[in-house]
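Let's take a walk through this structure together. Have the sequence and the 3D view open side by side as you read.

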Amino acid sequence: PLVNGREALPSVGFFGVIRDPFYRPAIIAVIGIMVAQQFCGVNSIMMYSVSLLEGLLPISSTLVTIMVSFVNLFTTIACAPLADKIGRKSCLLLSITGMGSMSLCLGFSMLFKVKLLSAISVIMFVAFFAMGLGPVPFMMASELVGQEAVGATQSWALGSNYVATFIVAQFFPLINT
């Protein structure tokens with residue numbers, strides 16, 4: 001069949017992209033970035049923030065959790081055009097650098113018992129995640145392969161993302177204790 005005046009390639013299925021040596025590196029990259037996205041720790045904060053942030057500030061940990069969720073939503077919406085303006089790589093580097101810096105600040109704030117800095121570090125960690133490491137991996141999953149393999153690649157991306165999320169949800173409480 002012709003699409004936009006060109007012959008369309010037949011679509012590649014879920015297992016076809018793994019078997020085909022042409023698509024396999026992209027699938028491995030997509031799975032790796034999705035697992036890394038979940039293992040960075042953001043879901044530990046999002047899922048368990050009420051218990052993690054309890055006693056951190058004189059205000060309720062539930063209120064801090066609502067603030068974290070609001071910051072995540074606001075930053076995601078505000079930074080949506082950022083990946084197209086400064087590029088995917090710059091977005092990822094900005095996001096990862098900011099998250100690393102906030103993790104360092106969180107470590108120092110816990111070491112020196114500076115509760116306000118702990119809360120700010122957690123909130124900013126989530127904000128930096130929303131700038132790049134949150135949305136960019138989903139964009140990359142559809143950009144690493146041709147149109148004929150986008151559906152299958154997105155399926156591998158989402159599947160690996162859900163598996164990694166499940167691992168974090170199941171094992172973070174054990175690691176935390």
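A word on terms comes first: Ala, Val, Leu, Ile, Met, Phe, Trp, Tyr, Cys and Pro count here as nonpolar, Asp, Glu, Lys and Arg as charged, and the others, Gly among them, as polar. Please also keep in mind that this is a predicted model.

With those classes in hand, turn to the largest pocket, which has a volume of about 180 Å³. Of the 10 residues that line this pocket, Leu52, Leu53, Leu106, Met110 and Val122 are the closest to its centre. Helix 3 (42-52), helix 6 and helix 7 are the elements that each give two or more residues to the lining, and helix 3 gives the most, with three. How do the lining residues divide into nonpolar, polar and charged? Seven are nonpolar, two are polar and one is charged.

Now step back to the whole protein. There are nine helices and two strands, and from the N terminus on the order is β-β-α-α-α-α-α-α-α-α-α. Along the principal axes, the C-alpha atoms fill a box of roughly 65 × 35 × 25 Å. The protein has 177 residues, and buried ones make up 37% of them. If you take the contacts between residues at least 6 apart in sequence, 72% join residues at least 24 apart.

Which of its residues are buried? They are Cys91, Leu92, Ser95, Gly98, Met99, Met102 and Ser109. The cover over these buried residues includes helix 2 (24-39), helix 5 (82-86), helix 7 (115-133) and helix 8 (136-143). After helix 6 comes Lys113, whose phi is positive, near 55°.

Apart from neighbours within four places in sequence, Tyr48 is in contact with Asn43, Ala169, Phe172 and Pro173. Tyr48 and Ala169 are 121 residues apart along the chain, and their C-alpha atoms are separated by 8.9 Å.

Finally, the aromatic rings. A pair of aromatic rings is described by the distance of the centres and the angle of the planes. The count for this protein comes to five aromatic pairs. Why is the pair of Phe14 and Trp156 stacked? The ring centres of Phe14 and Trp156 are 4.3 Å apart and their planes are at 0°, so this pair counts as stacked, the cut-off being under 30 degrees. The pair links distant parts of the chain, 142 residues apart: Phe14 sits in the loop between strand 2 (6-7) and helix 1 (16-19), and Trp156 in helix 9 (residues 150-176). Phe14 has 35% relative accessibility and so counts as partly exposed. Ring pairs also join Phe14, Phe15 and Trp156 into a cluster.

Another pair, Phe22 and Tyr23, is edge-to-face, with 5.1 Å centre to centre and 80° between the planes. Its two partners are set apart by accessibility: Phe22, at 63%, counts as exposed, whereas Tyr23, at 7%, counts as buried.

Key
Residues numbered from 1 in each chain as written. Predicted model: local features only at pLDDT ≥ 70, side-chain atom pairs only at ≥ 80, totals over all residues. Heavy atoms only, no water. Buried < 20%, exposed > 50% of the residue type's maximum accessible area, 1.4 Å probe, protein only. Helix = DSSP H or I, 4+ residues; strand = E, 2+ residues; numbered from the N terminus. Contact = heavy atoms within 4.5 Å. 1 Å grid on protein atoms, 1.4 Å probe; cavity = no way out; pocket = protein on both sides within 12 Å on 5 of 7 lines; lining within 4 Å. Points joined across faces, edges and corners; volume = space filled by probe spheres on them. Phe/Tyr/Trp six-rings, centres within 6.5 Å; stacked < 30°, edge-to-face > 60°.
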